[in-house]
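Please read these notes alongside the coordinates.

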Amino acid sequence: MSDAQKTERFFSDEQYVRNPEERPLPPERLAALNVGAINSEQTGYFCDSLTTGCEVDVLKENLADYYGITDRDSAAETLDWLRDRGHRFLFDAFKAIYRGEGIDYAAMTQDEMESSQEYFMNLQYALAMLAEYGYFSDVTELPQISVLARDLGRMVMVTRCCFDCGYLSEEEAWAYIDGALAACREAYDDWEALARGYVFGRAMWSGPNITLEGIMQIAYGLLHDGESPWQLVSLQKEEKSAGSKH
């Protein structure tokens, strides 16, 4: 996937847009859907239904322009990449540097090789902003951070768009979204940890620009606003006790 295949529709004035025509989702499905809550707030999509609430023509144009998705096959290819590899592969490769080791370039694809220097410098330049906003205090913490949340948050968003465009069935769409929840439950204790992973992933992609600050503001709102979907349902099942995650 090339660097151009990213979403950059930005911030809606209305927060936590709810679908007035859908029945409420059960807690598990609402939690799964809101693995992609940061993306929903970026784009102004519904926060409580599989359908996005966006016009199909607009979704098709965005999917084609930013992700190269034009049909069922290209949808599956992109979603499988986000699920199985994504940009977290490069972030995990960079962790070797913060452990005082060398990067294993042999494991990278050609696209990853070509973008690795840019992404590493983006991350380096963003560290001061991330520290200022309290996302970490020392670079020795970086090897313990997972940016899975950014890959899977985008996967949830793209899945919903593909469903609205008719590229995926409802069953197929929920399979991707439910899978995102299961993976994030393994990686993160709570929404706060997921938000940190998302923000670090975004920082690696964009560097310390105004849109990164906007993402952090969205994450803060989701974590603290009483009307936020993250306030209505927990990431982990209620009966699961908190433990140490990577």
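1. Asp80 is partly exposed, with a relative accessible area of 27%, where buried means under 20%, exposed over 50% and partly exposed in between, using a 1.4 Å probe and protein chains only. This is a predicted model, in which local features need pLDDT of at least 70 and side-chain atom pairs count only at pLDDT 80 or more, whereas totals for chains, interfaces and linings use all residues. Residues are numbered from 1 along each chain as its sequence is written, and side-chain values use heavy atoms, with hydrogens and water left out.

2. Asp80 takes part in a salt bridge with Arg83, whose closest N and O atoms are 3.3 Å apart; the term requires a side-chain nitrogen of Lys or Arg within 4 Å of a carboxyl oxygen of Asp or Glu. Both residues lie in helix H4, three residues apart, or about one turn of the helix, helices being DSSP runs of H or I with at least four residues, numbered from the N terminus. Arg83 is partly exposed at 39%, and a network of salt bridges links Asp80, Arg83 and Asp84.

3. The count of salt bridges comes to 11. One of them joins Arg29 to Asp178, with the closest N and O atoms 2.9 Å apart; Arg29 lies in helix H1 (residues 27-33) and Asp178 in helix H8 (residues 170-187), so the pair ties together parts that are 149 residues apart in sequence. Glu172 and Arg72 also meet in a salt bridge, at 2.2 Å from N to O. Glu172 lies in helix H8 and Arg72 in helix H4 (residues 72-84), so this pair ties together parts that are 100 residues apart in sequence.

4. Helix H7 (residues 148-164) reaches 24 Å from its first C-alpha to its last, close to the 24 Å expected for its 17 residues, the expected span being 1.5 Å times one less than the number of residues. H7 is mostly covered, with 16 of its 17 residues buried, and Gly166, which follows H7, has a positive phi near 85 degrees.

5. In the loop between helix H10 (210-224) and helix H11 (229-232) sits Ser228, which is buried, with a relative accessible area of 0%. A polar atom of the Ser228 side chain lies 2.6 Å from the backbone oxygen of Leu222, and the side chain of Ser228 also reaches the backbone nitrogen of Trp230 at 3.0 Å. Ser228 and Gln15 are 213 residues apart in sequence, yet 8.3 Å apart in space, C-alpha to C-alpha.

How values were computed. Helix = DSSP H or I, 4+ residues; strand = E, 2+ residues; numbered from the N terminus. Polar contact = N/O pair within 3.5 Å; in protein donor to acceptor, adjacent residues only side chain to side chain.
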